[in-house]
Amino acid sequence: MIGVALLIGFRPVASFTDWLCIVGLLLLFTLAFSWLSAIIGLLVKSVEAVQWFGFVLIFPLTFASAAFVPTDTMPKYLRIFAEN
């Protein structure tokens, strides 16, 4: 994905230490979601329930982002969440 972004004109301006911080945040975010998935897997009794529960938690996050609509058209409380 980074290669395609570079091909279409993305030019990073962050320093090397900034990129290390970004990678660290991504790793922490991945670790947090992995633990959340593991906890859900321990709490529910079937595979279908794990998939359903995970979907219910993650699905709203896709609509609370700027992936589908610009943030300036969102209500203030949702705009603050989507921009951060």
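The end C-alpha atoms of residues 4–82 lie 24 Å apart, and this span is 71% helix and 0% strand. UniProt, in an unreviewed entry, gives residues 4–82 the feature "domain: ABC-2 type transporter transmembrane". The model is predicted. The protein has four helices and zero strands, and the order along the sequence is α-α-α-α.

**Overall dimensions**

- The radius of gyration of the protein is 17 Å, whereas a compact globule of 84 residues would have a value near 12 Å.
- Taken along the principal axes, the C-alpha atoms fill a box of roughly 45 × 35 × 25 Å.
- Of the 84 residues in the protein, 6% are buried.

**Annotated transmembrane regions**

- The unreviewed UniProt entry also carries the annotation "transmembrane region", which covers residues 20–44 and 50–69.
- Residues 20–44 are 96% helix and 0% strand, with 36 Å between the end C-alpha atoms.
- Residues 50–69 are 70% helix and 0% strand, with 30 Å between the end C-alpha atoms.

**Helix H2**

- Helix H2 spans residues 16–43 and includes Gly41.
- Gly41 has a relative accessibility of 36% and therefore counts as partly exposed, the limits for that class being 20% and 50%.
- From Gly41 to Phe81 the C-alpha distance is 28 Å, and the two residues are 40 apart in sequence.

**Helix H3**

- Helix H3 is formed by residues 47–63, 17 residues in total.
- From its first C-alpha to its last, H3 reaches 25 Å, close to the 24 Å expected at 1.5 Å a residue.
- At Val56, H3 bends by about 30°, and the proline Pro60 follows within four residues.

**The loop between H3 and H4: Ser65**

- Ser65 is found in the loop between H3 and H4.
- With a relative accessibility of 22%, Ser65 counts as partly exposed.
- Ser65 and Phe81 are 16 residues apart along the chain, and their C-alpha atoms are separated by 7.7 Å.
- Not counting residues up to four places away in sequence, Ser65 touches Met74 and Ala82.

**The loop between H3 and H4: Thr71**

- Thr71 is found in the loop that runs from H3 to helix H4 (76–83).
- The relative accessible area of Thr71 is 17%, so this residue is buried, the cut-off being under 20%.
- The side chains of Thr71 and Glu83 are joined by a polar contact of 3.2 Å.
- Leaving aside neighbours within four places in sequence, Thr71 is in contact with Ala66, Arg79, Ala82 and Glu83.

**The loop between H3 and H4: Met74**

- Met74 is also found in the loop between H3 and H4.
- Met74 counts as buried because its relative accessibility is 7%.
- Met74 and Ala64 are ten residues apart in sequence, with a C-alpha to C-alpha distance of 9.2 Å.
- Residues up to four places away in sequence aside, Met74 touches Ser65, Ala66, Val69, Arg79 and Ala82.

- Ala82 is in contact with Thr71, with Ser65 and with Met74.
- Arg79 is in contact with Thr71 and with Met74.
- Ala66 is likewise in contact with Thr71 and with Met74.

Notes
Residues numbered from 1 in each chain as written. Predicted model: local features only at pLDDT ≥ 70, side-chain atom pairs only at ≥ 80, totals over all residues. Heavy atoms only, no water. Helix = DSSP H or I, 4+ residues; strand = E, 2+ residues; numbered from the N terminus. Expected span 1.5 Å × (residues − 1). Bend = angle between axes of the 7 residues up to and from the residue. UniProt positions renumbered as here; feature names shortened; annotations may be inferred. Buried < 20%, exposed > 50% of the residue type's maximum accessible area, 1.4 Å probe, protein only. Polar contact = N/O pair within 3.5 Å; in protein donor to acceptor, adjacent residues only side chain to side chain. Contact = heavy atoms within 4.5 Å. Rg over C-alpha atoms; globule rule 2.2 N^0.38 Å.
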